[in-house]
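Hello,

Here is the structure I promised to pass on. Please open it first, then read my notes below.

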Amino acid sequence: MGTIAPAHETPAPMSINRPKPAKEDAIDDWLPITSSRDAKWWYSTFHNVTAMVGAGVLGLPYALSELGWGPGIAVLALSWLITLYTLWQMVEMHEMVPGKRFDRYHELGQHAFGQRLGLYIVVPQQLVVEIGVCIVYMVTGGKSLKKFHDTVCPDCKNIKLTYFIMIFASVHFVLSQLPNFNSISGVSLAAAVMSLSYSTIAWGASVDKGKQEGVEYGYRSHSTAGTVLSFFSALGDVAFAYAGHNVVLEIQATIPSTPEKPSKKPMWKGVVVAYIIVAVCYFPVAIIGYWAFGNAVEDNILISLEKPRWLIAMANMMVVVHVIGSYQIYAMPVFDMVETVLVKKLRFPPGVALRLIARSTYVALTMFIGMTFPFFGGLLGFFGGFAFAPTTYFLPCVMWLCIYKPRKFSLSWIANWICIILGLLLMILSPIGGLRQIIINAKTYKFYS
């Protein structure tokens, strides 16, 4: 008898159908997301911390200075709650069809919106997020390396940021060859520990510095339009800070699952611990950083903290280690998509050569774009609203409504619609502010300086 083809494929004639699943399985065993399913629950904790607590945390005091005390803390807390809720939805939906796992964000999208529409809705947004993050992290890694160099050796010859981005990228040419999520778990653990460490340094050093003389808490822009646009941009910065959802199903795909022990239990346990760590990182840094420096705070809190020199140098090095891990976490689903297309659609033989060429090309591309446009803050606001808001704040809710169809005006229905409306507002407003920041920075910018 011929074996049954997967549900989404039309069964082929028997003779052709026989060897296909073995070949498909071999390809799935080679692809990065589905190749290893023996992760422990704590893997999901540090993968999620690494994915979420990005360098965005260092921009939170600046975001707070543009939002103001009341709205700022409200936006931070609301974002924390909404994104935890949408993350719970994604963890639940991973195995809602008995015997099937949605290992990738777009597979869930296809289940909710249909085969073609699901791809068109999810894939472009997911790619914008993941490639956007990788580019921003190239810039962050380069800037932090430069800051480390300048702090340790203030009298040395000035080296261009471009070269530091190249140095940072050189690590990724090596690390990107690691096959799957489980193989980067060591890098990810180091990154998660570093994020906790530099967040603690950021707020600890701010407490030590104390409230600066003549500190002001008013809005920094003197015109109403400037204040409003800065407010929008800060919303994008906050959205960027909570952007781990794009890799959540891919992380859950690495956890073993049986009908008796579904993967959602260990995954959810890992997510809750990760979210507690996120709160411990975010709230003290944002509140204490803004309290100490007021509206004079820089868009990277470590720049405001110039002394003690050794501590700031150490914190910058920690940012570098963390961003190395984060880059890999966000690049893995892109590698998976690229390799799936190359192997399944274009029929390239899977192997080391294919992986080496495909992944090195991707690293080189993100490095080049990062070197060309390193306006860090504005890029966050722009990408933050444009792509993070949908994939993090409301796409999971739309899928939930499509699939589970909760009763009108029931608690679930209302909660989802609130998230969708807030997410849509965020998506529309924050790119406007982010674009303004980019335009302001671009006026004084020299290419490859």
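Buried residues make up 54% of the 449 residues in the protein chain. Buried means under 20% relative accessible area, with exposed over 50% and partly exposed in between (1.4 Å probe, protein chains only). This is a predicted model, where local features need pLDDT of at least 70 and side-chain atom pairs count only at pLDDT 80 or more, while totals for chains, interfaces and linings use all residues. Residues are numbered from 1 along each chain as its sequence is written, and side-chain values use heavy atoms, leaving out hydrogens and water.

The chain has 17 helices and zero strands. These are DSSP runs, numbered from the N terminus: helices are H or I with at least four residues, strands E with at least two. The radius of gyration, taken over C-alpha atoms, is 22 Å, close to the 22 Å from the globule rule for 449 residues, so the chain is as compact as a globular protein of that length. The rule is 2.2 Å times the number of residues to the power 0.38.

H5 (residues 69-93) and H10 (residues 224-241) pack at about 30 degrees, with axes 10 Å apart. Axes are lines fitted to C-alpha atoms over the stretch in contact, and angles run from 0 to 180 degrees between N-to-C directions. H5 and H10 are therefore roughly parallel; that label covers angles under 35 degrees, with over 145 roughly antiparallel, 65 to 115 roughly perpendicular and the rest oblique.

Which residues of H5 meet H10? Pro71, Val75, Leu76 and Ser79 meet Phe231, Leu235 and Val238 in H10. Contact means heavy atoms within 4.5 Å.

Best wishes
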